Amino acid sequence: MEREREEWDGACIAPRTRTQARHCRGFTMASTTTATTLHQQFRPPSHPRAPRRIRTYPPTIRFTIRATAASTSAPAQREAEAGVPWGCEIESLESAASLERWLTASGLPEQRLALEKVDIGERGLVALKNVRNGEKLLFVPPSLVITADSEWTNREVGEVMKRYSVPDWPLLATYLISEASLEGSSRWSSYIDALPRQPYSLLYWTRTEIDAYLVACPIRERAISRIGDVIGTYNDLRDRIFSKYPDLFPEEVYNMETFRWSFGILFSRLVRLESMDGRVALVPWADMLNHSPEVDAFLDYDKSSQGIVFTTDRSYQPGEQVFISYGKKSSGELLLSYGFVPKEGTNPNDSVEFMVSLNKSDECYKEKLQALKRHGLSESESFPLRVTGWPVELMAYAFLVVSPPEMIQRFDEMAVAASNKGSSKPAVQYPELDEDALQFILDCCESSIKKYTKYLEGAKGSAEVSINSKQATRTLLLKQLARDLCISERRILYRSQYILRRRLRDMRAGGELKALSLFNGLRNLFK
């Protein structure tokens with residue numbers, strides 16, 4: 001059962017230009033989103049009600065920074081410290097203490113965990129007492145969980161959003177902004193005060209920073225695409241809903257900066273609760289738990305206790321930080337959604353998106369491309385490469401790339417195997433192509449290694465954007481994150497390079513032995 005933190009890949013909107021996700025969950029193909037439109041259910045209500053006036057918002061909520069669709073293709077000029085007027089510094093314990101008091105008063109049972117400053121994650125839940133392996137913890141009641149069905153403090157805003165059948169992700173993003181803007185009038189004010197004012201998210205990287213620091217990483221394209229999706233979603237909400245109800249959705253509250261914040265919160269904190277019919281939810285208190293790739297504990301709804309719990313898969317001593325898993329995600333995916341990269345070699349689920357392409361000078365290029373398109377693939381494809389090996393789909397794609405004209409009748413068979421659209425994973429075997437296919441993968445692997453090495457050696461390592469000490473600190477942090485990701489991904493490529501070279505060496509040595517054996521046999525015959 002899948003019980004990990006929810007991953008949004010833009011499925012709540014229908015982009016006009018998007019490559020479909022393939023091969024492995026969480027490994028969305030890199031693409032550039034040119035424009036986005038809301039889900040097909042976004043239709044104006046047949047008889048919209050005239051909005052009533054709501055209270056005027058104070059000038060402190062106004063923002064001078066605005067992002068447009070063009071900001072995904074031009075360097076952003078905004079200051080890193082710009083943000084929303086609610087929330088707290090990410091390491092704040094004062095707001096967290098207020099959150100715990102409010103949760104306790106609202107029905108959260110006595111906890112065996114406390115929120116403290118920690119080495120991993122800045123804030124985290126630590127054990128107050130000995131915690132046994134297999135023990136259930138938290139027990140957050142559903143009344144303290146935010147879902148798409150949660151009651152809106154400003155009911156008029158909620159009614160408009162629901163009449164337009166807004167999907168869960170943009171609905172929850174708007175809900176967070178609505179509740180945050182009401183400050184103490186919202187029942188969620190203590191929770192919102194404890195949320196980071198600027199979440200750790202690639203949504204807060206400028207295009208200049210993405211291009212400079214992620215130049216060697218495949219996650220760069222997904223970061224650009226994700227930012228484009230968020231901007232497109234906001235633009236559609238503004239054009240189709242907010243602009244029609246300006247009194248309910250004033251621009252000083254509902255703007256690109258506040259949506260950047262709310263989507264950053266959702267990316268890093270939203271979970272899917274399978275035992276609550278797969279509902280996506282924000283779970284206060286539980287979302288203070290940090291991730292460890294070494295644990296396999298997930299949040300879910302426990303019907304017997306009627307609360308959100310997780311079951312530990314190891315024991316903890318008093319004062320020790322308690323972890324859950326955000327899912328089996330690569331280091332690139334963890335950076336994309338959560339803004340951190342695990343230490344090199346500590347993530348057993350690590351992988352790198354490995355890009356391969358047809359050779360346009362191939363005399364069968366047209367026929368091979370048609371075969372790929374018939375099965376939903378394109379000229380260039382990405383496959384997850386792991387320390388433990390590569391998927392059979394990558395090998396099938398490589399077979400197609402190196403196959404000679406006389407194998408044209410097998411092109412479709414190879415494309416099917418590369419798309420993994422068969423009833424089961426086919427055992428793609430073309431012994432006569434093995435050596436050429438492995439050499440093709442090795443060439444692509446070594447080309448990728450060169451890109452990583454060039455970045456790590458500083459050839460394209462930086463864009464000097466530091467303006468003040470805070471910006472300089474931010475720049476150093478982003479550079480370190482990018483460096484850690486590059487080192488982790490290059491490590492996978494080095495391992496693959498070693499395996500490929502060894503296999504090719506053994507294959508070629510075996511061929512030489514066979515030739516020598518045949519020669520000796522002929523010599524003995526003539527004797």
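**Notebook: a predicted chain, entry by entry**

I began just after helix H2, where Ser-165 takes a positive phi of about 50 degrees; helices (H or I, at least four residues) and strands (E, at least two) are DSSP runs, numbered from the N terminus. I noted that this is a predicted model, in which local features need pLDDT of at least 70, side-chain atom pairs count only at pLDDT 80 or more, and totals for chains, interfaces and linings use all residues. Residues are numbered from 1 along each chain as its sequence is written, and side-chain values use heavy atoms, with hydrogens and water left out.

**Helix H2.** I looked up which residues of H2 (residues 155-163) are buried, and found Glu-156, Val-157, Gly-158, Val-160 and Met-161; buried means under 20% relative accessible area, exposed over 50%, and partly exposed in between (1.4 Å probe, protein chains only). These buried residues of H2 pack against H3 and H6, where a contact means heavy atoms within 4.5 Å.

**Confidence.** I then checked pLDDT, the predictor's confidence in each residue, from 0 to 100. The mean for the chain is 83, and 78% of its residues reach 70 or more.

**The whole chain.** I listed 13 helices and 13 strands, and noted that 54% of the 527 residues count as buried. Of the contacts with a separation of 6 or more, 76% are between residues 24 or more positions apart.

**The core.** Which residues touch the most other members of the largest nonpolar core? I found Leu-138, Met-161, Leu-214, Ile-241, Phe-249, Phe-259 and Trp-261, out of 149 residues in this core; a nonpolar core is a set of buried Ala, Val, Leu, Ile, Met, Phe, Trp, Tyr and Cys residues joined through side-chain atoms within 4.5 Å. Helix H12 (residues 434-456) gives the largest share of this core, eleven residues. I also checked the length of H12: at 1.5 Å a residue its 23 residues should span 33 Å, and its end C-alpha atoms are 33 Å apart, which agrees; the expected span is 1.5 Å times one less than the number of residues. Just after H12, Gly-458 takes a positive phi of about 95 degrees.

**Helix H7.** Is H7 (residues 256-269) largely enclosed or open? I found 14 of its 14 residues buried, so H7 is largely enclosed by the rest of the structure. At the N-terminal end, Asn-255 caps H7, with a side-chain oxygen 3.0 Å from the backbone nitrogen of Glu-257.

**Helix H6.** Thr-233 lies in H6 (residues 219-240), and because its relative accessibility is 0%, Thr-233 counts as buried. I noted that the C-alpha atoms of Thr-233 and Met-256, 23 residues apart along the chain, are separated by 9.9 Å.

**Two loops.** Most residues other than glycine have a negative phi. I therefore wrote down Trp-285, which is not a glycine but has a positive phi of about 80 degrees; it is found in the loop between strands S7 (279-281) and S8 (290-291), and at 0% relative accessibility Trp-285 counts as buried. Gln-306 is not a glycine either, and has a positive phi of about 55 degrees; Gln-306 is found in the loop between strands S9 (300-302) and S10 (307-311), and is exposed, with a relative accessible area of 53%.

Methods: A polar contact is a pair of N or O atoms within 3.5 Å; within protein, one must be able to donate a hydrogen and the other to accept it, and residues adjacent in sequence count only if both atoms are side-chain atoms.
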